[in-house]
Amino acid sequence: MKLGRLRSVRWKTTVAATLVTALVLGLASYFIVRLVERDLEGNARSALSSALESASHSVSGEGSTDGGGEADGGQHGGEGSGESGSPGDAQQRALADASVREVEAGVDAASNALLIIVPVVVVALGLTIWWTVGRALRPVRDISAQVTEISGSTLDERVPVPASEDEIAELASLMNEMLDRLQSSSERQRAFVADASHELRSPLSTIVAAAEIASVSPDPIKLHKLAETVSGEAQRMQLLVANLLDLARLEEDRLELDTTEVDVAAVCRDAVDRFEEEVSAISLNCPAVARADGVASQIEQVVVNLVDNAVTHAAGRVVVTVAVDDAEVFIAVEDDGPGISPEDRERIFERFVRLDSSRARSTGGIGIGLALVKAIVDRHRGAIRVGDSTALGGACFEVTFQTATYSIHPESTPCP
């Protein structure tokens with residue numbers, strides 16, 4: 001038998017159960033033999049006492065019958081009495097020997113029976129455990145055989161789930177759920193690599209083409225335009241790579257955030273000031289101070305990305321609203337653009353997603369900003385929701401962060 005077989009669960013379970021059973025039966029047999037011996041000895045003593053009592057009564061009866069002879073001579077009677085004690089002693093010894101032999105015979109019979117019964121029971125139990133454990137572990141061998149066949153290219157395969165509805169069936173179901181998650185993650189990674197390659201290919205192609213034209217063109221005006229084109233595409237690549245790295249770090253980092261108090265009102269004021277030249281009308285409604293618990297740079301990135309998204313798709317108006325209560329800080333960013341249909345309100349947070357021609361590559365950014373916003377908000381244990389702006393008619397993004405300290409705020413409220 002191989003060493004691996006000796007270390008198997010089946011072998012270990014069978015050996016342990018058999019040894020324990022043999023030990024228990026051995027101790028039980030020992031005590032049974034002792035009990036049988038004690039009972040037999042007790043019965044023998046009772047029988048012997050009864051026999052001795054009967055013999056004593058018999059001897060007493062004979063003495064009273066021969067009592068007249070005592071008058072003739074004391075010495076004679078004494079000798080007769082001494083001689084009459086000898087048959088009684090012999091009878092007692094015979095009875096005692098018979099009792100001892102009966103006890104020994106009973107103990108030997110019980111011991112011989114147990115010497116046969118106990119090994120048979122132990123062997124039968126061991127074989128039963130071996131068969132039962134092997135049958136119970138058969139689905140595990142099937143699962144192991146299937147798992148060895150699954151690789152990165154065959155994540156669509158699943159392990160067999162037994163119909164027993166026991167712990168092994170539960171384990172198989174959990175493994176299939178894990179394989180579902182791995183397959184989904186693998187598909188997302190492949191799609192991400194393909195999308196990232198596609199997004200990087202376009203600016204790289206533009207830069208290469210501009211460099212080839214610049215190498216053969218003596219026109220300084222054309223060279224200046226080519227330089228602007230190359231600079232714009234390089235900045236686009238730089239932003240894409242930076243966002244991808246930030247997104248990867250957020251998804252991989254599982255440590256607790258090193259949070260501080262962040263003044264969300266000040267962050268929103270800075271964001272509005274940054275974009276006020278890019279849209280005809282952008283306004284801010286917020287309290288003097290609205291402190292949230294988080295990482296300042298990441299909350300700033302959330303606000304900037306949302307305002308940038310609103311400015312990109314707005315027809316002319318953008319409104320940013322901040323509100324605070326005892327537990328949360330609300331940030332609402334509204335625009336008067338085309339809005340987002342209900343079926344697309346979850347999909348827009350996926351990477352490299354652009355909804356329609358109005359949000360195409362030329363106007364819709366690189367498709368990473370909202371995915372980064374969602375990752376940061378989730379990392380802060382906040383919430384983000386997309387709806388319709390009742391005031392402007394376009395899209396409304398509402399973000400919630402946990403409050404660091406309570407601040408009194410004006411009557412402005414987040415978008416419905």
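## Contacts along the chain

Among contacts in the protein between residues at least 6 apart in sequence, 70% join residues at least 24 apart. Contact here means heavy atoms within 4.5 Å. This is a predicted model: local features need pLDDT of at least 70, side-chain atom pairs count only at pLDDT 80 or more, and totals for chains, interfaces and linings use all residues. Residues are numbered from 1 along each chain as its sequence is written, and side-chain values use heavy atoms, with hydrogens and water left out.

## Overall make-up

The protein has eight helices and seven strands. Both are DSSP runs numbered from the N terminus: helices are H or I, at least four residues, and strands are E, at least two.

Of the 416 residues, 31% count as buried. Buried means under 20% relative accessible area, exposed over 50%, and partly exposed in between (1.4 Å probe, protein chains only). The accessible surface is about 25,200 Å², and carbon and sulfur atoms hold 56% of that area. Areas come from the Shrake-Rupley method with a 1.4 Å probe; for residues, only the protein chains shown count as cover.

## Nonpolar cores

A nonpolar core is a set of buried Ala, Val, Leu, Ile, Met, Phe, Trp, Tyr and Cys residues joined through side-chain atoms within 4.5 Å. The largest one has 46 residues, and V307, V318 and F397 touch the most other members. Elements giving two or more residues to this core include α5 (220-252), β4 (317-324) and β7 (395-402). Helix α7 gives the most, with eight residues.

Beyond its neighbours within four places in sequence, V307 is in contact with A271, F275, I282, V320 and V333. Another core, of eight residues, lies apart; I168, A172, M175 and L179 are among its members.

## Salt bridges

The structure holds seven salt bridges. Each needs a side-chain nitrogen of Lys or Arg within 4 Å of a carboxyl oxygen of Asp or Glu.

E300 pairs with R274, with the closest N and O atoms 3.7 Å apart. This pair links distant parts of the chain: E300 is in helix α7, R274 in helix α6, 26 residues apart. E300 is partly exposed at 35% relative accessible area, and R274 is partly exposed at 48%.

R345 and D388 meet at 2.6 Å, N to O. R345 sits in the loop between β5 and α8, D388 in strand β6, 43 residues apart. R345 is buried at 17% relative accessibility, whereas D388 is partly exposed at 43%.

D378 bridges to K374 at 2.7 Å between the closest N and O atoms. Because they are four residues apart in helix α8, about one helical turn separates D378 and K374.
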